[in-house]
Amino acid sequence: MKELDLVALQEAFDRKLKNEIRIEPKDWMPDAYRKTLIRQISQHAHSEIVGMLPEGNWITRAPNLRRKAVLLAKVQDEAGHGQYLYSAMETLGFSREQSIDDLHSGKAKYSSIFNYPTLTWADMGAVGWLVDGAAIMNQVPLCRTSYGPYARAMVRVCKEESFHQRQGYEIMCTLMKGTEAQKAMAQDALNRFWWPSLMMFGPSDAESTHTQQSIDWKIKRHTNDELRQMFVNASVPQAELIGLTIPDPDLKWNEARGEYDFGAIDWEEFKQVVSGNGPCNAERIAARVKAKENGMWVREAAMAHAEKKKIKKAS
Amino acid sequence: MKELDLVALQEAFDRKLKNEIRIEPKDWMPDAYRKTLIRQISQHAHSEIVGMLPEGNWITRAPNLRRKAVLLAKVQDEAGHGQYLYSAMETLGFSREQSIDDLHSGKAKYSSIFNYPTLTWADMGAVGWLVDGAAIMNQVPLCRTSYGPYARAMVRVCKEESFHQRQGYEIMCTLMKGTEAQKAMAQDALNRFWWPSLMMFGPSDAESTHTQQSIDWKIKRHTNDELRQMFVNASVPQAELIGLTIPDPDLKWNEARGEYDFGAIDWEEFKQVVSGNGPCNAERIAARVKAKENGMWVREAAMAHAEKKKIKKAS
Amino acid sequence: MKNNLFTYTLRIADDSLILGQRLSEWCGHGPVIEEDIALTNIALDLIGQATSLLEYAAKVEGKGRTADDLAFLRFENEYLNAQLIEQKNGDFGVTIVRQWIFDTFRLSFYEALQHSSDSQLAAIAEKSLKETKYHWKHSSEWMIRLGDGTEESHLRVNEALISLWKFSDELFFMDEVDKELIAAGIAIDLETLRPAFNERINYVLNEATLEVPDSTWKLNGGRLGRHTEHFGHLIAEMQYMQRAYPNMEW
Amino acid sequence: MKNNLFTYTLRIADDSLILGQRLSEWCGHGPVIEEDIALTNIALDLIGQATSLLEYAAKVEGKGRTADDLAFLRFENEYLNAQLIEQKNGDFGVTIVRQWIFDTFRLSFYEALQHSSDSQLAAIAEKSLKETKYHWKHSSEWMIRLGDGTEESHLRVNEALISLWKFSDELFFMDEVDKELIAAGIAIDLETLRPAFNERINYVLNEATLEVPDSTWKLNGGRLGRHTEHFGHLIAEMQYMQRAYPNMEW
C-alpha cells in the first residue's frame, strides 16, 4: 500500500472518530487500534466466562427456589455475554479458539475480581451488587465506544447487567432485613469484596499505560480513576441505606469536591492477583482447561457428525 | 508321582481331617480342596474390601465425633481383614494381584449384601448389627476350619467382628431410644437390610452345589440353611427387645421346633444381585477398578524407589 | 384422594427439581459455551416446573408448608423422584443420555397430562410441554451427534446408555397412588404411554446408530422414596442453607 | 485471656478435625490396601485429637457447648483451620504433600506445646506428638518414594508441592490471640519453630530429589475464618446429620 493511501485512510478513520461515526469490521483501522480492541474485548469475554465459576459455585446451594432460578438465569446471561463478545472479537479477525488458548496459557487476562472465592450465600449479593455494579460503570460508556460490534454487544450486556446489579443489591437488602446471622453474612461479604471491586477499574491513571490512547480512540470514555470515583460515589449511599459499613476507615464525604474521599488501595495485592497469585487464579484456569479437555470428544463428535451429514446431503 | 504315593498322601490328609489336625501350607492337599479354599478365602477377602465402600460412604457424614471415630476404626479393621485373608490365600499359591483382577473382571464374587446402598445413618447400625452378625454366624465355625492359615485368620477376624456387631446394634438401640424420625430411620434400615442379610448365607441347601463337599473337608461346619436359621433365631429377639419389627409377615415362633419359622426368600432377587444386576454392583466394582487405576503410578513409584534403594545398598 | 394427589404431584415435581439440581452442577463446566447456555436453560425450566408443582403440592397438602419447605426440608426418603434423575452427571454423554431418556418420557407424559381433569396439573403440563419439546429436541440431537459422531463418542454414549437404561423402566412405575387418580381422570395410566415412548426411543437410537440395551433386572424404588447412594450427597448440598440457617427469608 | 485460649485451642482442633475429615474421603479408594489402613489410621488419630481439643475448647468457653456442637454446628467462617488443611484430596500425591507439610509443622509444634504451661494442652500435645511422629514418618517416606520413584511420580508430586506450598506459610500465622498466650507460657511463638521446620523440610525434599518451590505471594485467612471455595462443600457434607436432625442423640 502506498504511503499516500495510508495517510488518507488514517484521515478517514480519524474523521469518523471525531464525528462519532462507528468503525465497522470492514473499515480500515490502524493496527494498534485493532490490537487494543482484540485485547480488551477478549479480556472482557473471558471475564464473563470465568465469572460463571464463582457464582456457579452457589447454584446448587441457593437457599430457595426463586434464588436458585434467578442465579441460574444470571449465570446463563454471563455465558451469553461471553458468546456475543467473542463474536464481536471475531469480527476483528481473531479466532475464539486462539483467544481461549491465550486465556488458558495465562497470556490473556480476565477481571481479577474472579480470583476471589465465593464463600457464603451473601457473596451472591455482593458480587451482583458490587461486581456487576463496577462492570456497568465500566461498560455503560462502552455502549458509545467507537467500534460498532463492540458497542452493540455492550448495549445488550449493560441492560442485563443492570438487572443483575439490582438483583444482587436486593439479596443484600433481604439479608440486612434478616437475622443477626444474615446481617453478619452480608457485612462479611462486603468486607471481602469491597477492595477487590475498587481494583476492578484497573491501575490508577498515573500507572495506567493504555488509558490515554484508548480515550483518544474513543474506545474508553473515562479514565480508571474517574470510573472508580463514580463507583464509590454510587455505592457508599447504597451501603448506608441498608445499614452496611464500607470497610474503609478513611472513607468520608468531601464537601468541597462533592465526592467521597477513600483510602489507599493495596496495589501490591492487585499486582499479585493479576499476575496469578490470587486465592483462586490457579483453580479458575484449571476449571476452564478441564472443561475444554473434557469436552474435546464432544466437539470432535459434533464436527464429525456435521461432516457426515454434509456428505450424505451432497450424495 | 506314583499312584501309590498319591494314595498314601490322600490317606494322610484324610487322617488329619479326621483327627482335627490342621492342614498347613506345605502339606499335601487335594487339588479340589485347594481350589475350593482359594475360591472361598478370596471371596471372603474381596467382601472385606468391597465392604469398605458402603460404610465408607457415611464416614464423612457421621453424626458426631465418637461415631465418626468408631466408623473409621471399623472400616480400617475391614481393610485389615482383607489383608490377612489375602495373605492366607497366598499361602495356597495364588497371588493377591491375580485374585484382585478376578474380582474386577467379575470372575470372582464377593458377598452380595454389599451391592445394596447405604442410604441413611441407620444403615450403619443395620450393617453392623445384621451384616456383621450374619458374617460372624458364618465365620465362627471357620475358626475351626481345617486349613490352618485360614482358621487362624478367622480367629482374629471374628474377634473384631463381634465388636462391630455390638457397635451396630448399639447404634440401633440409640436410634430406637430417640425421636420419631430416628425410630423411623432405624426401622427403614431394617426393612431394607433384613432380607439381603438372610441371603448372605447363600442358596438353600437343596440348591447349594458346594456345601456337602466342604463339610466333608471340614472347611464348612454347617449348611447354609442351618446358619440362616441360627441367625434368625438370634436376631429376632434382638429386634423385639428394642421395638423393631422384622419385615416378614410369616415370621413366627415355632414351639415344636423351638425355632422361628420365617417367610420365603426371593431367590430371583438373590440370583440377579449375585449375577451383577443389584443396585450397586456396577458402582462397587467401578470404585475398586478406579482405585487400582488411580493408584498405579503410586505402586510403580514405590517399586522403582525400592529398586533404586536396593541398588544403592549393593553398590 | 387428597393424599394421593399430593404424592402424585410430588413425584412429578421431584423429577424436575432433582434433575434441575444435577444440571446446575454443569454451570461453567460445559464442553462449549453454547452447552453452558443450553444446560443452564434446561435447568432453569426444570426449576420453574418444580416450583409450580411444589406450590400446588403444598396447596393440596394444606398443612401450611411452602414450596420451599417441600424442596429443601424433607428427609432423603421423602423425595419421590425416579432413580434415573438423581444419577451423577458423569461425562457429557451420561448427562445427555439421562436427559434424553427422561425428556422422551416427559414428552409423552405432558402430552397426556395436559388433558388431566385436574386443571392445575393440566395447566402446568401444557406450559411444561412447550419447554420439554425443546429439551427433547436438544437431547435427541446430541444423542444422534454422539452416537453417529466419532468412534470414541459412539463408545462413550453407548456405555452411558447401557449403564442408565436399567433405570428407564421406573419412569413407568405405578401403584395405589395412581390407581384412584387415573379413575378420576387426574393421573395418566403410564402404560398407555409406552408405544409413543418406545417409538421415539427407537427413532432416535436408529439415527444415532445405537440400540436399546438388553433389558436386565429393572431397578426401582425412587417413587417410594428409596434412592441410590449418590442421592444423600446431593441432598446434603442442596439443603445446606435451609438446614444451617433455619426459618429465615432469603 | 479465656477468649484467646478458646480461639487458640480451636485453631489447633480444627486443623485436626478438617484434615481427619478430608482423609476419611479416601476410605476404600486408596492405591493399596496398606494405604487404606494407614490413611484411615491417621484420620482416626486426627479425629481423636480434635475430640480432646474441642472438649477442652468447650470447657474453656464455658457456655455449655459440647465438642460435637463445636465440630458440627459452627458457621463456615467460625472454623479456624489453616487453608492448607481443607484443600481437596486430589491424587495420592496431593494428599501426601498436604499431609507432609502439615505433619512437619505439627511435629515441631507439639514438641514445643508439650511444655506449655497449660497442663491440658501440654497433655494433649504429648499424646498427639507420639501419633504425629508416626504420621510424619509415613508421609516423609512417601514423599521420598514419589519424588525419587518414577519420572511420572516425580512430576506429579512436584506439581502437588508447587500448588500447595503457597499455603505453608499460614501455618506460622500469629496475631493478638497468640501474643498474650505466649507471654503466659501457654502458646508457642511459632517463629521459633521455623528452623526445625525448615530443616526437616529440606532434609526430606533432598532425599526426594525435590526442591522448595519459589516462594510467591503467601495466602492466609484460615485462622481468621476465611477459607477457600472447597470448604463450604466439605462443611455441607460434614454437618448434614446434625443440621437435618437437630438436637438428637446418636
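**Close-up views of a predicted model**

**Figure 1. The interface of chain A and chain C**. About 4,000 Å² is buried between chain A and chain C, and carbon and sulfur atoms give 69% of this area; buried area is the accessible area (1.4 Å probe) that two parts lose on being put together, summed over both. The model is predicted: local features need pLDDT of at least 70 and side-chain atom pairs pLDDT 80 or more, whereas totals for chains, interfaces and linings use all residues. Residues are numbered from 1 along each chain as its sequence is written, chains are lettered from A in the order in which they are written, and side-chain values use heavy atoms, without hydrogens and water. The contact (heavy atoms within 4.5 Å) takes 44 residues from chain A and 46 residues from chain C. A:Thr60, A:Leu65 and A:Trp297 supply 20% of the area that chain A buries against chain C, more than any other three residues.

**Figure 2. A salt bridge between C:Asp148 and A:Lys308**. The N to O distance between these side chains is 3.0 Å. A salt bridge is a side-chain nitrogen of Lys or Arg within 4 Å of a carboxyl oxygen of Asp or Glu. Between chain A and chain C the count is two salt bridges.

**Figure 3. The surroundings of B:Ser112**. B:Ser112 lies in the loop between helix H4 (96–105) and helix H5 (122–139) of chain B; helices are DSSP runs (H or I, at least four residues), numbered from the N terminus. B:Ser112 is buried, with a relative accessible area of 9%, where buried means under 20% (1.4 Å probe, protein chains only). Residues up to four places away in sequence aside, B:Ser112 touches B:Phe270, B:Val273 and B:Val274.

Note on methods
Helices (H or I, at least four residues) and strands (E, at least two) are DSSP runs, numbered from the N terminus. Buried means under 20% relative accessible area, exposed over 50%, partly exposed in between (1.4 Å probe, protein chains only).
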